[in-house]
Structure formats: structure tokens, C-alpha cells
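User: Could you help me look through the aromatic side chains and the core of this one?
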Amino acid sequence: MEPIIIRNRRKSGWFYLDNEYLNGYAKIFGPVGTAVYVSLCRHADNETQKSFPSLETIASEIGV
């Protein structure tokens, strides 16, 4: 599989999730892995696509 590219080309209050993730990787990572991916997408830098939210931030956002 190709590496996942986290996208965050958004206006404030919006973020994008790649269809390729939902069409393939989501089946591998399951619901919790997908929730983590959503959190990473939400925090990705618009230019570099890098995302470094803390474990505490991810856990709080996805309710675990």
C-alpha cells in the first residue's frame, strides 16, 4: 500500500479526510484506528502535512 498522506487543506472549522483511507485502510485499522487518523488529519499542518497532537489530545478527542 502507498503511504498515507494526511491532508489539512481547510478553512478554519473544517478538515478533509482522504477517500482512499476510508476505501481501504479503515478496514485494516478498524474504528479506533480510524478515529485516531481523523484526529491526526484534524491537526495536520496545512503546508507540511505533519501532525503531532499529544496522546492526551487524541485520547480526549476520541473519548478513550
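User: Which residues make up the largest nonpolar core?
Analyst: The largest nonpolar core has 5 residues, namely Tyr 21, Tyr 25, Ala 26, Tyr 37 and Cys 41, where a nonpolar core is a set of buried Ala, Val, Leu, Ile, Met, Phe, Trp, Tyr and Cys residues joined through side-chain atoms within 4.5 Å. This is a predicted model, in which local features need pLDDT of at least 70 and side-chain atom pairs count only at pLDDT 80 or more, while totals for chains, interfaces and linings use all residues. Residues are numbered from 1 along each chain as its sequence is written, and side-chain values use heavy atoms, with hydrogens and water left out.
User: And how many aromatic pairs are there?
Analyst: The whole structure holds 4 aromatic pairs, counting rings of Phe, Tyr and Trp (its six-membered ring) with centres within 6.5 Å, and calling planes under 30 degrees apart stacked, over 60 edge-to-face and the rest tilted. Tyr 21 and Tyr 37 are a stacked pair, at 4.0 Å centre to centre with 10° between the planes.
User: Is Tyr 37 buried or exposed?
Analyst: Tyr 37 is buried, with a relative accessible area of 5%, and Tyr 21 is buried at 2%; buried means under 20% relative accessible area, exposed over 50%, and partly exposed in between (1.4 Å probe, protein chains only).
User: What about Tyr 25 and Phe 29?
Analyst: Tyr 25 and Phe 29 are also stacked, at 6.2 Å centre to centre and 10° between the planes. Tyr 25 is buried at 10%, whereas Phe 29 is partly exposed at 46%.
User: Which residues do the ring pairs link into a cluster?
Analyst: The cluster consists of Tyr 21, Tyr 25, Phe 29 and Tyr 37.
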